[in-house]
Amino acid sequence: MAQASQDSQASSSSSYSLSASAASSESCADRADSATAASFASAHLDEATRTVLRYQAHADATADAPTRARVLSIEGSDPIGGAGTMADMKAFTAHGVFGYAAMTCVCAQNTQGVTDIVNMEPAFLRAQLDSVADDGRIDSMKIGMLGTSQIVDCVRDWLQALLDDYARRGLPRPWVVIDPVMYAKSGDSLLTPDAEEELRTILPLADIITPNVPELAALVHADAAPTTWDGAVLMARRVAEELGVIVYAKAGMFALSGAENSDDSPAVAGPAPAGADAARTRGTGANPAPACDDALIIPAAVLDRLADAEKATGGIVVNSAPAPTRTDLASRPGTAADADTATRVITLPGRRVATVNVHGTGDSLSASLAALRPQYASWEETARAAKDWMTGAIAAADGLHVGHGHGPIDFMWMAPPTARTFTDDYWTQVRGVRERIREMPFIQRMLDGTLDLLDFSFYLHQDDLYLTDYSSLLALASVRADTLHDRTFFAHAAAGGVDAEVSFHGQWFVEHGFSPEPQTMSTVTAAYIGHEHRVADSGSYAQLAAVVMPCFWLYGAIGLDIMKQAADRRLDLDSHPYGAWIRQYSDTSFNTSVARELAVCNRLAREGSRANYDAMMDAALISSEHEYLFFNQGIDRPALVR
Ligand SMILES: Nc1ncnc2c1ncn2[C@@H]1O[C@H](COP(=O)(O)OP(=O)(O)O)[C@@H](O)[C@H]1O
Ligand SMILES: Cc1ncc(COP(=O)(O)OP(=O)(O)O)c(N)n1
């Protein structure tokens, strides 16, 4: 492979890549200068000064580093986009790294199974791999479906040459994650039987391998897959010790069957287990959380290598991210030591999601490990981060509606949804509230004219108090608005509508013999205002726009509904005791403001993060419950605030 483009990087002492910043044992050992500086530092300086020096050294060493880790996927394809190359690219992007891809085969597959596979000619695969290596630095890689023994040989030989070449040129060794793909979840075989032995020859080149339960069994030549998690961990230990690599043991098979694999993970809320008969449950309480814990198995040989690297650098590494030490690993919670072999077994806690949509989970996990390792200090931290991300992506999978079999996971679960708008989502979620408002006695009695005037005047006084405060929130939204359009919209809304409505209320009070003077605020009104102010005080402008939205939309929608019900009942509004109100509710000019407010919320939800979307939704949903209570107080008559 041609190396010209890499040599300039290699010759610079500041060519520390992102992967090097995570301090591989190999790269630490190669850095003699750093070791000298480190032993000086160890001998003469206090801990705080050594820490500051580490920051300085890291900044110098990474001055020319790329802004994103560059991660290679060596995989087969999946046209439905849930597994293989396509999944890897999505996982890479989700984790913020730049992805390269060399394809080992093209598969005709979907969520229901694999129907055909065309393997690459090994020479052509080698040409793809060289194309990447000749032109770009590789910080990390994930190797997945290899398919045949010829392809295994091709990738192994290329990888060995690449590692030798990087070592010779003093480049940091790329992190290598190998997913020893043998079977798809559909049961289809993804590796020819004769290639199983060949696959073992590439595994020692990995830093970490990620076999699922049946693949573990194949790697130890067991007749059958283990039926318990303890059995799977035992097999994983054998594999780790035999190959001298870290094994990430995955519990997905047990999750799919509804079985539980841990008793001691922290309980988390989750959907009821599918196949609950088979599931052991954890904890007390009515809805115990099902577990889906994975395990990281670090054999003694790897721990020794890490300890040697530490010695070579005098206990200091030149970057911000030292690799884990024996002491580190032994002292962490969830780490079990084995007296005989000193192998470490680290539990990676997770919750089981009750879903069939787990196509490509193994692929995405191994891609995540490759993408995250350059960004974390150790395999343990990387594995915990990857596991948490996977759980979130699986939990969001049901929303995708892709395919009829095992659907894919939602790689974009941290980003706001795009197929439905924020307001679509909100409207569906408040269906129950809308129905309760429509059916409530306050509205029904108003329509049939039996609503007590005292009840109505109580409601109207509370509405005045609420609207006075609400206008100040709209004014605040105008001040915090991020566009001129929003600024003028909220300014007009604060000044216009509220004022007109309060004077309309005043007229009604006078006409019906009630005092128009402000009354004491009810606890229900105070609670609604309190919620809006809490969001305004601690939330973003987007959350503020969302918290005031239900008062626009639910009120507007109730008006339309009252108008419809009045028409259906053919009410004579001229003689009806609440005729003026029903006419007022039927005034659709308010809907111009409703539509603008909804557009504001959709823009803010679209432009922000998933966390922003969720926070906006929470704010709006809570306001909606307050809207219901607010209408209902006309009849319920809550206590007044003293
Ligand atoms: N239903 C589930 N709930 C939570 N996590 C799951 C579920 N199914 C799989 N996982 C997780 O997905 C990752 C991949 O595991 P697995 O599905 O066993 O791999 P593979 O796809 O290779 O068979 C693991 O972290 C595993 O714990
Ligand atoms: C091209 C390709 N590579 C790997 C797999 C196996 O993916 P995995 O994550 O094990 O998930 P399932 O596909 O088995 O659900 C694959 N199917 N295709």
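Below are questions and answers on the fold, the two ligand sites and some local features of a predicted model.

Residues are numbered from 1 along each chain as written, chains are lettered from A and ligands numbered from 1 in written order. In this predicted model local features need pLDDT of at least 70, side-chain atom pairs count only at pLDDT 80 or more, and totals for chains, interfaces and linings use all residues, while side-chain values use heavy atoms, without hydrogens and water.

User: How many helices and strands are in the protein chain?
Analyst: Both kinds of element are DSSP runs numbered from the N terminus: helices are H or I, at least four residues, and strands are E, at least two. The protein chain holds 28 helices and 10 strands.

User: What percentage of the residues of the protein chain count as buried?
Analyst: Buried means under 20% relative accessible area, exposed over 50%, and partly exposed in between, with a 1.4 Å probe and protein chains only. The chain has 642 residues, and the buried share is 54%.

User: Which residues come nearest to ligand 1?
Analyst: A residue is near a molecule or strand if one of its heavy atoms lies within 4 Å of it. There are 19 residues around ligand 1, and the nearest are Lys185, Lys250, Asp294, Thr361 and Gly362.

User: Which residue has a side-chain N or O atom 2.8 Å from an oxygen atom of ligand 1?
Analyst: A polar contact is a pair of N or O atoms within 3.5 Å; within protein, one must be able to donate a hydrogen and the other to accept it, and residues adjacent in sequence count only if both atoms are side-chain atoms. Backbone polar atoms lie 2.9 Å from ligand 1 at Gly252, facing an oxygen atom, and at Val353, facing a nitrogen atom. The side-chain contact at 2.8 Å belongs to Thr361.

User: How much of the accessible area of ligand 1 does the protein cover?
Analyst: Areas come from the Shrake-Rupley method with a 1.4 Å probe; for residues, only the protein chains shown count as cover. Ligand 1 has 550 Å² on its own, and the protein covers 94%.

User: Which residue has a backbone N or O atom 2.5 Å from an oxygen atom of ligand 2?
Analyst: Ligand 2 has 17 residues around it, with Gln109 and Gly360 among the closest. The 2.5 Å contact is made by Lys185.

User: Which element gives the most to the shell around ligand 2?
Analyst: Strand 1 (70-76) and helix 15 (361-372) each give two or more residues. With 3 residues, the top contributor is helix 15.

User: Which helices do the buried residues of helix 27 pack against?
Analyst: The buried residues include Val594, Leu598, Cys601 and Leu604. Contact means heavy atoms within 4.5 Å. The partners are helix 17 (422-429), helix 21 (484-495), helix 24 (541-547), helix 25 (549-568) and helix 28 (610-636).

User: Is His401 buried or exposed?
Analyst: His401 lies in the loop between helix 16 and helix 17. Its phi is positive, about 55°, although it is not a glycine. At 71% relative accessibility, His401 counts as exposed.
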